[in-house]
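Please have the sequence and the model on your screens while I talk.

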Amino acid sequence: MKRSQTTTIAALAGAAAIATGFLWSAVADQSGEPEASTSKLSTAIFAGGCFWCVEADFDKVDGVVSTVSGYTGGTVEEPTYKKVTYGDTGHYEAVKISYDPTRVSYEELVDHFFRTIDPTDPRGQFCDKGESYRTAVFVSDAEERDVVETEINEIEESGVLPGPVVTKVIDASDFWPAEDYHQDYYRTTPIKYRFYRRGCGRDAKLEKLWGNEAITANY
């Protein structure tokens, strides 16, 4: 083979290698995008009675990336559903929400939350009564606390509800994910979930409380 031909082939091979390198770099960048966006996510924790319903209500919010049902606010480590529901652990059924703050703000999530619950009931939510079904917002800093307390003041000043807001604002503490069968229950067991939600009267009560501000399942 002539020297000129060898040089040409080598040059072509080098160009191909460079192009391949760029291609792999682009692929690597694309595969890394979710990790980059995930690192920018924020979290919020709400207790609104049955965590199946809270998950379902937040999963339809644009900007919410994921929801996890769990337990928080109590004194027992590694709580279980049975302990929380029947015991004296102090835990709330709650949902940890991961969201993209460039698409939905914490203020909007708080506003959404209140219109999916009965914040005037100190004993629980709808057909579920007991300390684990009480409502609360678990805040991570003073700024979040200010957002929630401002929302509560605005709700009470509006006079839209028949009584005072009893939803607590509590400093965030350990959050324990619930058992696997509780996660995405409204998706994995839709018939049982819908039967429960209707039977519990959640949406009917929300519409009575909030009127056209109510946020319901819309089945």
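**A buried serine and the sheet around it**

Let me begin with Ser-69, which is buried, with a relative accessible area of 0%, where buried means under 20% relative accessible area, calculated with a 1.4 Å probe on protein chains only, exposed means over 50%, and partly exposed is in between. Before I go on, this is a predicted model, in which local features need pLDDT of at least 70 and side-chain atom pairs count only at pLDDT 80 or more, while totals for chains, interfaces and linings use all residues. Residues are numbered from 1 along each chain as its sequence is written, and side-chain values use heavy atoms, with hydrogens and water left out.

Ser-69 belongs to strand β2; strands here are DSSP runs of E with at least two residues, helices are runs of H or I with at least four, and both are numbered from the N terminus. Its side chain makes a polar contact of 2.7 Å with that of Glu-55, a polar contact being a pair of N or O atoms within 3.5 Å, of which, within protein, one must be able to donate a hydrogen and the other to accept it, and residues adjacent in sequence count only if both atoms are side-chain atoms. Leaving aside neighbours within four places in sequence, the residues in contact with Ser-69 include Phe-51, Ala-94, Trp-176 and His-182, contact meaning heavy atoms within 4.5 Å.

What is the strand order of the sheet? The sheet is open, has six strands in the order β7-β6-β1-β3-β2-β8, and shows mixed pairing, where two strands pair if DSSP finds at least two bridges between them. The edge strands, each pairing on one side only, are β7 (168-171) and β8 (175-177). Strands β2 (residues 64-72) and β3 (residues 92-99) run antiparallel and are joined by eight bridges, with Val-64 opposite Tyr-99 of β3.

Turning to β6, five of its five residues are buried, with Thr-135, Val-137 and Val-139 on one side and Ala-136 and Phe-138 on the other. Four bridges join β6 to β1 in an antiparallel arrangement, Thr-135 being the bridge partner of Gly-48, whereas β6 and β7 run parallel, again with four bridges, and Val-137 stands opposite Val-169 in β7.
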